[in-house]
Amino acid sequence: MANVLLIDESEVAHRAMKGVLAKGGHRLVVVTKAEDAWKKLRELVKIDLVFSEVKLSDQNGLSFTQRLRLDPFLKNIPVVFYTSVNDHTIVQKALTLHIQNYLVKPYHDTNIYAEVAKAIANPWRNLFFEEERSFCAQMGFCPATLKHMREKVIEEVEKLQLILPSALSDTQQHEVSVQMDVIKGDAEASGIWGLAEYMALLIGRAEVNAWQEIRDNADELDYAKRIIHYQIHPEILPLGFLSDDEKKALEEAAEKARWMDADVLHHGQVVQSQGVLAMVNQITDCPIIDSAAAGFCMYADGQASHLTHLADLVAKDPGLATQMLMSVNRIEREGMNMVDDPRVAISMLGELRLNAISKTLVTIEERHWHSPPYNWSQYWMFLMGVAHVARFACEQMEFKDAEQVAFTAGLIHDVGRQVLARIHPFALP
């Protein structure tokens, strides 16, 4: 899988490139301006290849590529011009910038895949480092030792960043110079040639007292730290590459771990009750399991023939039963007697209101109930069991008028758990 950056102002180009790369299992980041592309390259680090249009509004693709070639860290990143500009002079200028290829639109899948394959065959970031296996064999290191050495280099760079602002002071320049020498030595010892080369550049500037220039380029140190970090941890992908679903999965994993690892005996509550109540008060309606909500929407289509089916569905679901009772009891009506039977609520609300309610249901994903050996089906069976036992008790005591009310009460007695699942789903297990 490759991480690709596209610089193009055409929305059509964005969609076309996304479609091609998705079929090949690659990721795409899209920008419309060269300056935004520069920021993405610095932020995301793990971009393998740049596709760029020549014609850009803020600066042309040639100027942007020339800027890349002058950068101490990004100078080797592969660039492919895939453009509508078919001018021999422009092509010649582009080739002097050591681009990977110059292609003329429209896009062709085979061309795109070929350029991606070429870029990832020998990733440009590898030029920043000595190859791990051969370097360890040559130096007598084990991989864990090399990893520790490279982590130490990151710490040394952070130390330089702390003292660099004082570099304009004559009394502090010696300390900064010493720290740069340390980083250069440690970078060479751990095979981080790109950083060693950059430190040599800074040391050369210090020797001619170009301290302001050193300070002005301090952002390069942040980039150096990130590129080393991602080399040490190749499994980590910068968040900017992730789809919305992948970001959500990461957030959920962190939240789940927070709840599962909680030690309330030693560290107290995971959340405070006031915060929970505030979140509950923001929920306008009763949360309903998504599968039950989907069934409700299928029947709540304004057809009177479906009301019986709808009543059956609602009368057996705690969230739907609660919501229908809430909805009908909000309506001003003569006598204002409390409605306590979901079936009665369905008939009173009528087709139009039910159809409107179906479009605003607050839902919970059923998967949040899946915490083996516990799941939503088992919990639903428990609620139905309580409802039947409550109605049976009324039957045996001959409280005929209370039988349906008791069933509903048993069904919805623990509906607070569905509210909890809406605001803190991983608190359920």
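A residue is called buried here when its relative accessible area is under 20%, exposed when that area is over 50%, and partly exposed in between, with a 1.4 Å probe and protein chains only. By that scale Cys 297 is partly exposed, with a relative accessible area of 34%. The model is predicted, so local features need pLDDT of at least 70 and side-chain atom pairs count only at pLDDT 80 or more, whereas totals for chains, interfaces and linings use all residues. Residues are numbered from 1 along each chain as its sequence is written, and side-chain values use heavy atoms, with hydrogens and water left out.

**Cysteines**

- A disulfide is a covalent bond between the sulfur atoms of two cysteines.
- With a disulfide taken as a pair of cysteine sulfur atoms within 2.5 Å, the count for this structure is 0 disulfides.
- For Cys 297, the closest cysteine sulfur is that of Cys 286, and because the two sulfurs are 15 Å apart, they are too far from each other for a bond.
- Cys 394, for its part, is buried, with a relative accessible area of 9%.

**Salt bridges**

- Side chains of opposite charge can pair when their charged atoms come close.
- Counting a salt bridge wherever a side-chain nitrogen of Lys or Arg is within 4 Å of a carboxyl oxygen of Asp or Glu, the structure holds 24 salt bridges.
- Lys 248, Glu 252, Glu 365 and Arg 367 are linked with one another in a network of salt bridges.

**Pairs that join separate parts of the chain**

- Helices (H or I, at least four residues) and strands (E, at least two) are DSSP runs, numbered from the N terminus.
- Arg 42 and Glu 220 meet through their side chains in a salt bridge of 2.8 Å, N to O; Arg 42 lies in helix H2 (residues 34–44) and Glu 220 in helix H11 (residues 219–232), so the pair ties together parts that are 178 residues apart in sequence.
- Arg 125 and Asp 48 are both buried.
- Lys 105 forms a salt bridge with Glu 53, with 2.9 Å between the closest N and O atoms; Lys 105 is in the loop between strand E5 (101–104) and H5, and Glu 53 in the loop between E3 and helix H3 (61–70), 52 residues apart.
- In this pair Lys 105 counts as partly exposed at 24% relative accessibility, whereas Glu 53 counts as buried at 4%.
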